[in-house]
Amino acid sequence: MGMLIIIDQSPYGTWAGREALDMAFALAAFDQPVSLLFSGAGVNWLRKAQNTADIEQKSLEKNLAAAPIFGIEAILADRTACQRYNLDSEAMIDGVQLTNANADLLAQYSQTAFAG
């Protein structure tokens, strides 16, 4: 059992999600089992080809692509939230697993933390 970090906020406009991602990378770098779950508006982090030129920020797509290198065990996306935000597996970055964000999923982890 490891830690599940839940990111449920939009990818841009707040630093909470990025801080949660940094925490996940730090935990993984110290061999702590950690997975990421994107739910709510947070599933928008997982979109391919994010164009951030208008907001003058770096795309998060490259950060997430590095997750396996850092040792993140899984990148999960809540199926219901993906449907709500019209995001299917072809529009998502590689390596994302669709799941149901429910009590059964949370029970698989010893700890959970929310971004923000």
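The model is predicted: local features need pLDDT of at least 70, side-chain atom pairs count only at pLDDT 80 or more, and totals for chains, interfaces and linings use all residues. Residues are numbered from 1 along each chain as its sequence is written, and side-chain values use heavy atoms, with hydrogens and water left out. Helices (H or I, at least four residues) and strands (E, at least two) are DSSP runs, numbered from the N terminus.

- Five strands form an open sheet with parallel pairing, in the order 4-3-2-1-5; two strands pair if DSSP finds at least two bridges between them.
- Strand 4 (96–99) and strand 5 (111–114) stand at the edges with a single partner strand each, so one side of each has no neighbour in the sheet.
- On average, neighbouring strands of this sheet are turned by 25 degrees against each other, direction ignored; axes are lines fitted to C-alpha atoms, for helices over the stretch in contact, and angles run from 0 to 180 degrees between N-to-C directions.
- Strands of a sheet pair through backbone hydrogen bonds, either parallel or antiparallel.
- Five bridges join strand 1 and strand 2 in the parallel sense, and Ile6 stands opposite Leu37 in strand 2.
- Helix 1 packs on the sheet, where it touches strand 1, strand 2 and strand 5; its direction makes about 160 degrees with that of strand 1.

- Five of the five residues of strand 3 (residues 74–78) are buried, so the strand is largely enclosed by the rest of the structure; buried means under 20% relative accessible area, exposed over 50%, and partly exposed in between (1.4 Å probe, protein chains only).
- Ala74, Leu76 and Asp78 point one way from strand 3, while Ile75 and Ala77 point the other way.
- Strand 3 pairs with strand 2 in the parallel sense over four bridges, and Ala77 is the bridge partner of Phe38.
- Strand 3 also runs parallel to strand 4, joined by four bridges, with Leu76 opposite Gln97.
- A right-handed β-α-β unit is made by strand 3, helix 4 (residues 79–84) and strand 4; right-handed means that, with the strands pointing away from the viewer, the path from the first strand over the helix to the second runs clockwise.

**Aromatic pairs**

- The whole structure holds two aromatic pairs; rings of Phe, Tyr and Trp (its six-membered ring) pair if their centres lie within 6.5 Å, and planes under 30 degrees apart count as stacked, over 60 as edge-to-face and the rest as tilted.
- The rings of Phe25 and Phe70 are stacked, because their centres are 4.3 Å apart and their planes are at 5 degrees.
- This pair links distant parts of the chain, with Phe25 in helix 1 and Phe70 in helix 3 (residues 67–70), 45 residues apart.
- Phe25 is buried at 10% relative accessibility, whereas Phe70 is partly exposed at 37%.
- The rings of Phe38 and Trp45 have centres 5.6 Å apart and planes at 40 degrees, so this pair is tilted.
- Phe38 is buried at 0% relative accessibility, and Trp45 is buried with a relative accessible area of 0%.

**Two residues**

- Ser35 lies in strand 2 (residues 34–38) and is buried at 2% relative accessibility.
- Leaving aside neighbours within four places in sequence, Ser35 is in contact (heavy atoms within 4.5 Å) with residues including Met3, Ile72 and Tyr109.
- Tyr12 lies in the loop between strand 1 (3–7) and helix 1 (16–29).
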